[in-house]
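Thanks for coming. I have one structure to go through today, and I will keep it short.

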Amino acid sequence: MKLKINALLSALCLCTFLSCKAQEVPQIDWDELQKTKPWTASEQWTPVPPKVTPGFFTSPPSDATILFDGTDLSNWHRPKYDYGVNMETVVAIIKAKTANPSHTPAEWDVKGGAMIVKPGGGAIETKQAFGDVQLHIEWVAPVDVGKKDQGYSNSGVFFMGLYEVQILNSYENETYANGQAGALYKQHPPLVNATRPPGEWQAYDIIFSAPKFKGNGDLEKPGYVTVLHNGVLIQNHVELKGPCIYIGEPSYTPHPAKMPLLLQDHSDKVRYRNIWIREL
Ligand code: MG
């Protein structure tokens, strides 16, 4: 009985600690940061991945969990906390999400068999949490000739809400190599550029191995990612250095073994369809 009471008290203390921390996600002072632009330190511009012309893709296998079949957003919602831009905010958001996993309905539009990023509508994430997975996802970078660099059809597939495979128009659109389509954002440029022109459907097939942590929070095994872009291998079991962040050096911070898959709202109307996943 005493053991049970102690365990209950520990759990209560942990909950209190986490809920106190839940509101402490630091605010980023973007005006101040514009003076030094610290995000440029982690941009890798060369070498530029060579271009490859891709083939075509496939329908879901029988054992896949369908996350989007073209009809509705019933498997998705909008999380209260989305993703961090540096390690400080990543750590705070993991704590905030753990303490308060609240959410509201996903606001993205569904039209013509696709779901479309609603600029300002926020990131959406799966209602189900995942660890090691195989994911298939199709997407279109909308044509917008006035846009360029990271501002041209930016979105992203965030495994566990932390590890981003970049979505971007990278067809004749110069940007830093470790931020182009198929990059593990600011960690690994793609091996080649298999991007189709904006306005055309393209696909990612991704094998994600989640990082594992010991009971004390130390890293036991890093995360690994393999990506095929339109059927072309562009990431070959690359090792993640930690969460994919905009500013600073990534490092591992412990988190639950399973967390939702998140799609980024970066203010561009990127379209998605035929999203399915297999737990590994
Ligand atoms: Mg992105």
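I will take the metal site, then the pocket, then the salt bridges.

Before that, one caution: this is a predicted model.

Start with the magnesium ion. Which residues coordinate the magnesium ion? The donors are Asn154 through OD1, Ser155 through O, Glu164 through OE, Gln166 through OE1 and Gln264 through OE1, at 2.2 to 2.4 Å. Along the sequence, the spacing of these donor residues reads N-S-x8-E-x1-Q-x97-Q. Distant parts of the chain are linked here: Gln166 sits in strand 9, while Gln264 belongs to the loop between strand 15 (259-263) and strand 16 (271-279), and the two are 98 residues apart. Are these two glutamines, Gln166 and Gln264, buried or exposed? Gln166 has a relative accessible area of 1%, and Gln264 has 5%. The cut-off for buried is under 20%, so Gln166 counts as buried, and so does Gln264.

Next, the largest pocket. It holds about 720 Å³ of space. The lining consists of 32 residues, and those nearest the centre are Trp30, Tyr83, Gly84, Val85 and Tyr246. Helix 3, residues 87-99, and strand 9, residues 163-167, each contribute at least two residues to that lining. By class, the lining of the largest pocket divides into 17 nonpolar, 10 polar and five charged residues.

Now the salt bridges. Side chains of opposite charge can pair when their charged atoms come close. There are 10 salt bridges in the structure, and I will show some of them.

Lys35 and Glu32 pair through their side chains, at 2.9 Å from N to O. Lys35 is exposed, at 62% relative accessible area, whereas Glu32 is partly exposed, at 42%.

Glu172 and Lys51 form another salt bridge, at 3.8 Å from N to O. This pair spans 121 residues: Glu172 lies in the loop between strand 9 and strand 10 (202-209), and Lys51 in the loop between helix 2 (30-33) and strand 1 (65-68). Both Glu172 and Lys51 are exposed.

Then Glu125 and Lys97, at 3.3 Å from N to O. Glu125 is in strand 6, residues 124-130, and Lys97 is in helix 3, 28 residues apart. Glu125 and Lys97 are both buried.

How values were computed
Residues numbered from 1 in each chain as written. Predicted model: local features only at pLDDT ≥ 70, side-chain atom pairs only at ≥ 80, totals over all residues. Heavy atoms only, no water. 1 Å grid on protein atoms, 1.4 Å probe; cavity = no way out; pocket = protein on both sides within 12 Å on 5 of 7 lines; lining within 4 Å. Points joined across faces, edges and corners; volume = space filled by probe spheres on them. Helix = DSSP H or I, 4+ residues; strand = E, 2+ residues; numbered from the N terminus. Nonpolar A, V, L, I, M, F, W, Y, C, P; charged D, E, K, R; others polar. Donors = N, O, S within 2.8 Å, 3.2 Å for Na, K, Ca; no water. Buried < 20%, exposed > 50% of the residue type's maximum accessible area, 1.4 Å probe, protein only. Salt bridge = Lys/Arg side-chain N within 4 Å of Asp/Glu carboxyl O.
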